[in-house]
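Open the model in your viewer and keep the selection panel at hand.

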Amino acid sequence: MVQYLLTGVTGGLGAHVLEYFLAHVDPSTYAVASSNPAKAAEFTAQGLAFRTVNYDDPRTLATAFEEVENLFFVSSNTFDNERRRRQHQDVVDAAKRAGVKHIWYTSLAFGGHTSTSQVAVQQAHYMTEEMLRVSGIPYTSIREGLYTEAFPLYFNWYPTTETIVLPQPTTPSSTDPAKLATTQRITFTSRQELGHATARLLLRGGASYRDRIVVLSARETLSFREMVDLINEHHHDGKERVRVEFVPAAEYVARTAAADEGGKAAGFFAAMVSWHEGIARGEAVVEGDGLMAEVLGREPTRASERIRELLREARAKGGYTWHQNYA
């Protein structure tokens, strides 16, 4: 019997969960999984059992979930909600057939503790939480805070960017760009700290969190204006090089797709409109209940501190970038 099967360990969050396990947990008690079987040697060399988990191939799920007590189920990274629905249903069904004792699912914190966010990506997580509830498998859905490290994604910001183009909200409290940049806010959380807090939560066991939705998040929220100020301060020596412009959604999609340095298609930016509508409604502000601080044993790193750190570290390389900014 394997006490824990950790999926997604070659991804950002999962890698940090594994990082914590490697430092604190007997490797004989858990196994790791990736969709790429070629990664096996990398992990077996560290004394870790490896299993292939490919969400698009249900046959791999049946084998990988055998004799697993706790399944750490990292959500699919596709933006296609129908594909994600199929993948996640296959995972839940396979886990039930295999007799998995507890599923720990990585959800997202748009909307915080509520289940009312209209952001498209969050709908897929609500859908999966309902799958888990209906399955009858004991579960915990961990709504992970929005990654601080991903802040360029929300702006489509690159080191060369001087004008950040954003979609005008359909129901704005103001049409004044300066006010919009101040009132639209995001609660960001360090991805590494999320990984470590998630690992600690798993190791506490499922009894306290059975059939529950929990939120792991830091507490500081930043406005778009504050993030642009950080970029100007730490990437442009305090010069006002970067500005924000709000335009109608269709214009936002067309302009950003045409000029995108990362080669992303217009469909990507069309999907991001939903994110920005959610931000305008306040759905990216997470009212933390202190669980993350309690699990970590300290307050999480403030987003402003982490962004300063990222920009300083990357200054010599020409500026901080985020992998999802590229096709």
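Which residues of α9 meet which residues of α13? Select Met227, Leu230, Ile231 and His234 in α9, then Ser304, Ile307, Arg308, Leu311 and Arg312 in α13: these are the residues that meet, contact being heavy atoms within 4.5 Å. By class, this contact has 5 nonpolar, 2 polar and 2 charged residues. Here Ala, Val, Leu, Ile, Met, Phe, Trp, Tyr, Cys and Pro count as nonpolar, Asp, Glu, Lys and Arg as charged, and the others, Gly among them, as polar.

Before moving on, note the conventions. The model is predicted, with local features needing pLDDT of at least 70 and side-chain atom pairs counting only at pLDDT 80 or more, while totals for chains, interfaces and linings use all residues. Residues are numbered from 1 along each chain as its sequence is written, and side-chain values use heavy atoms, with hydrogens and water left out.

**Helix pairs**

Two packed helices are described by the angle between their axes and the distance between the axes. Helices (H or I, at least four residues) and strands (E, at least two) are DSSP runs, numbered from the N terminus. Axes are lines fitted to C-alpha atoms, for helices over the stretch in contact, and angles run from 0 to 180 degrees between N-to-C directions.

Stay with α9 (residues 224-235) and α13 (residues 303-314): their axes come within 10 Å and cross at roughly 35 degrees. The crossing is right-handed; a crossing is right-handed if the near helix is turned clockwise from the far one by less than a right angle, and left-handed if anticlockwise.

Next, select α4 (residues 81-98) and α5 (residues 120-135). Their axes cross at roughly 20 degrees and come within 10 Å. That makes α4 roughly parallel to α5, as angles under 35 degrees count as roughly parallel, over 145 as roughly antiparallel, 65 to 115 as roughly perpendicular and the rest as oblique. α4 passes α5 in a right-handed crossing. On the α4 side, the contact includes Arg84, His88 and Val92; on the α5 side, Ala124, Met127 and Met131 are among the residues involved. By class, the contact of α4 with α5 has 7 nonpolar, 7 polar and 3 charged residues.

The crossing of α1 and α8 is right-handed. Residues to pick include Leu13, Val17 and Phe21 in α1, and Leu194, Ala199 and Leu202 in α8. The residues of this contact divide into 8 nonpolar, 6 polar and 3 charged.

A salt bridge is a side-chain nitrogen of Lys or Arg within 4 Å of a carboxyl oxygen of Asp or Glu. Glu82 and Arg86 are 4 residues apart, about one turn of the helix. By this rule the count comes to 23 salt bridges.

**Arg51**

Select Arg51 in strand β3 (residues 49-52). Ala33 is 18 residues away from Arg51 in sequence, with 4.8 Å between their C-alpha atoms. Leaving aside neighbours within four places in sequence, the contacts of Arg51 include Val2, Leu5, Phe65 and Val68. A polar atom of the Arg51 side chain lies 2.5 Å from the backbone oxygen of Ala64.

**Positive phi**

Finish with Glu67, in the loop between α3 (58-64) and β4 (68-73). Phi of Glu67 is near 55 degrees, a positive value in a residue other than glycine. Asn156, in the loop between α6 (151-155) and β8 (163-167), is not a glycine either and has a positive phi of about 50 degrees.

Conventions
Polar contact = N/O pair within 3.5 Å; in protein donor to acceptor, adjacent residues only side chain to side chain.
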